[in-house]
Structures are given as C-alpha cells and as structure tokens.
Amino acid sequence: MDELAGLADAAGADVVLRVLQERAKPDPATFLGSGKVETLAVSCSETGAGLVIFDSELTPAQLRQIEEKVGQKILDRTQLILDIFARRAQTREGKLQVELAQLKYLLPRLAGSGDALSRLGGGIGTRGPGETKLETDRRRIRARIHSISGDIERVRQRRAQLRERRHKASVPTVALVGYTNAGKTTLFNLLAGARAEVSDALFVTLDPLVRQVRLPDNRELLVSDTVGFIDRLPHALVAAFRATLEEVVGADLVLHVIDAAAPDRERRISAVQQVLEELGATGVPIVEVYNKCDQLTADERRRLQDSDPAALCISALRHEGADELVETIASRLALDVRRVTLAFDPESPVDRQRIAQLYRLARVLVHESRDGRVSIVADVPRRLLARLRPDAR
Ligand SMILES: Nc1nc2c(ncn2[C@@H]2O[C@H](COP(=O)(O)OP(=O)(O)OP(=O)(O)O)[C@@H](O)[C@H]2O)c(=O)[nH]1
Ligand SMILES: [Mg+2]
C-alpha cells in the first residue's frame, strides 16, 4: 500500500484514505465484497475523495460496476502506472511507447458501449491518447496502434544498428537496471559525470541515456540508464518499452542496482529478475550493486555481506564504494589485458583485418614477419581475444 501511495503521489494525487479487505478471493462482479463497496461509497463522500485507486488490475466489468456503486472515478494499478508514464515521457519515442501501451490497454475496455469513454473526465488517468482520439471507434484505435507500432519498430531497428556499431567498435556497454527509485540515475551520474534528473518520485527516468565513461586507466565503456522496474509492471508497458529495454539485452554487463535499505528489498529484487527474464536478458552477466548503504546500520551491512560475500555495498549519493565498483566492472567485462602471441597469415583479408584491429584496440609490443607468417606479441583486452583468434592462448 505504501508503494501504491508512492505511485499515486507520482501521479499528483493526495491520499486521504487507505482501505483494505481480506477475502478468500475477489468478488467477480465488484472485486470487493458488496458491503465493502457500500462503505467505500460512504467513505468517499466523507473524505471528499474524487478518485479510488485499486492495487490490482480490474476487469472492465468490475470497473464499471464499482464506479456505478461508488459514484467516483475508479482506476486500477495498471492505469495509474500508465498515467505516470504518460506524464513523464519526454522524447517522441517515449511518448509513442506510452501511447501504444495505453491504447492496447484501452482497446478491450471500449467493448460495446460509450460509457468507457464518458468515464474519462479531467485529471489523473486521462493523459496520453486524448479524448478526441478516444471518441473514435475501435477501428481507428487499431489503425493508430498499427501505425505507432511501425514507428516504434523503426526506432528499434535504429537502436539495434547503433548497438551493432558500438559492438563493432568494440566499446563495451554496461546497462543499469533496477527497481524504480533504487538510485540508478544517481549512480549513472556518478559514473558518467553527468547531471541527469534525480528525484525521490517514482519513474523519473523513462528515456534511455547513454554516456561514454573513461576508466581511470583511460579505457572506455558506455553506460546506459533506463526506465525503472516495478512489481507487476503492466505487460502492455513492457511490450511497448521493448525498444528501450533492448539496451539491456544488448549490454555486455548489467548492473542491478538495489535499494539496500528498502524494507521489501527481496521482493523488489525478484520483481527485477522477473522482468529481466521476460526481456530475455538472462544471458547477460549481472552484478548486484547494493546502493544506499549509507542508510544501513553497521549491523545490517554486516548481515548483507555475510549473506552475499560478493555483494557490492555502495552509496551513489555519497560517492562511497565507487572505486571498487569500477574495478568490478572492469574485471567482469574482461577489460583486463592478457599478453599473448598471435600468428597471422598476411595474405588472408580476415587476418589483415585482425592485425588492424590489434593496432587499434590493443598494445602491440612485437611485430615480426617470418616465413610468410606475421607474429605479434600484444597486450589484448580479454573480451577481444576470442574475436581476434579463437584458438589464441
Ligand atoms: N541515502 C541515499 N539516497 C540515495 C542514494 N542514491 C540515490 N538516492 C536517492 O534516492 C532517490 C532516487 O534516486 P534516483 O537516482 O532518481 O533513482 P532511479 O533509480 O533513477 O529512479 P527512477 O528513474 O525514478 O526509476 C533520490 O532521492 C536520490 O537522492 C544513496 O546512495 N543513498
Ligand atoms: Mg532514474
């Protein structure tokens, strides 16, 4: 409920009342029991609440029924999250992605009647596809979905091309992921020396940011910050943000930023892992970074380190633990070099390319030609080694 309150706050609502009901299972018609719905109506008029937000996803029928009985506007958790995203989206890509998610969510809810449309007054839950669009029929919404999907697909391809180019240039990428508000952007700013917006509100970052980072020894990598995850992230959103989230799948390393001080830390960790799985990012190496360790007591820190000796404890806000983190990134990316001797055939175009690559990306110590072979001794970043010569040792 605290998280739902945080989401409501991010959408600009003031929370005046929280209502809980324990039931074996939701009422198919009204979700809450009928007595509870009546009490809810009374509570609304007593507190002057003009909006009721449910922490679960409601069926279109439930939504209508509750609304009829309570007489106020009703939103479910998914609509609330979609609304926050609609408020935050700034780039054209971000806006398109949110609109797609909203339309996909709305489409089945427009079934057969105009009252789904008339429910939309002003305020929360009405951002994005404006009323004018919603007043059109489903066919036009479908056409819009189709055209946005095409636009997003083009964005996706463009991103894929950029990734491919980076990969060819052999600049490794590190993607920051984590629950919303974990401190991803704070860490991004620390690593990249950037000044992206940081805030205690939820879902501040939507559009992916990529920056070049130079390690202390002059090696280069790219770090990307992106949209945060949340428990029960609406499917329509994950699908719509695929273009953005593919940055994560294409990364060489994922830093999972965890709010170490969150009381429900473990639940958040598994929510993030679940989204990563959904995205198909399970093949990417992941480092878990416990952030906000400044808020832990010495005891809590010790317990964390005992439970996971490899856990990195940092404070992005206070710049604590950054050196160790950078070192971990470097070694996990196998940016560390190995001295190797490689033999090439100067007649082979592939080998000639490899030699050129060595000169670009490694430090060549010896270059000898003998008996029609070229022998090179070089300090080569480990991640490059396999590509240069699969049989190198
Ligand atoms: N105490 C403490 N607070 C931190 C630390 N790192 C970040 N914060 C605070 O946590 C809040 C969220 O930080 P952000 O960097 O915006 O988090 P985010 O993960 O990018 O959040 P979204 O983009 O909204 O998903 C801000 O109020 C930060 O100041 C830390 O190490 N310690
Ligand atoms: Mg952020």
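## The sheet

Six strands make an open sheet with mixed pairing, in the order β4-β5-β3-β6-β7-β8. Helices (H or I, at least four residues) and strands (E, at least two) are DSSP runs, numbered from the N terminus; two strands pair if DSSP finds at least two bridges between them. This is a predicted model, in which local features need pLDDT of at least 70 and side-chain atom pairs count only at pLDDT 80 or more, while totals for chains, interfaces and linings use all residues. Residues are numbered from 1 along each chain as its sequence is written, and chains are lettered from A and ligands numbered from 1 in the order in which they are written.

Strands of a sheet pair through backbone hydrogen bonds, either parallel or antiparallel. Between β4 and β5 (residues 220-225) the sense is antiparallel, over 6 bridges. L222 in β5 is the bridge partner of Q212.

## A helix across the sheet

Helix α9 (residues 184-192) lies across β3 (173-178), β4, β5, β6 (253-259) and β7 (286-291). Its direction is at about 160° to β5. Axes are lines fitted to C-alpha atoms, for helices over the stretch in contact, and angles run from 0 to 180 degrees between N-to-C directions. Contact between two residues requires C-beta atoms, placed from the backbone, within 7 Å.

## Two helix pairs

The axes of α4 (residues 77-88) and α5 (residues 92-106) come within 9 Å and cross at roughly 155°. α4 is therefore roughly antiparallel to α5 (angles under 35 degrees count as roughly parallel, over 145 as roughly antiparallel, 65 to 115 as roughly perpendicular and the rest as oblique). From α4, T78, L82, F85 and A86 make the contact, and from α5, V98, A101, Q102 and Y105. By class, this contact has 6 nonpolar, 2 polar and no charged residues. Ala, Val, Leu, Ile, Met, Phe, Trp, Tyr, Cys and Pro count as nonpolar, Asp, Glu, Lys and Arg as charged, and the others, Gly among them, as polar.

Helices α2 (residues 34-47) and α3 (residues 60-70) pack at about 55°, with axes 9 Å apart, and are therefore oblique to each other. V37, L40, A41 and C44 of α2 meet I66, K69 and V70 of α3. That contact has 6 nonpolar, no polar and 1 charged residues.

## Around ligand 1

Of the 23 residues around ligand 1, those that come nearest are G183, T185, T205, G228 and L317. A residue is near a molecule if its C-beta atom, placed from the backbone, lies within 6 Å of it. By class, the shell has 7 nonpolar, 12 polar and 4 charged residues. Helix α9 gives the most to this shell, with 3 residues.
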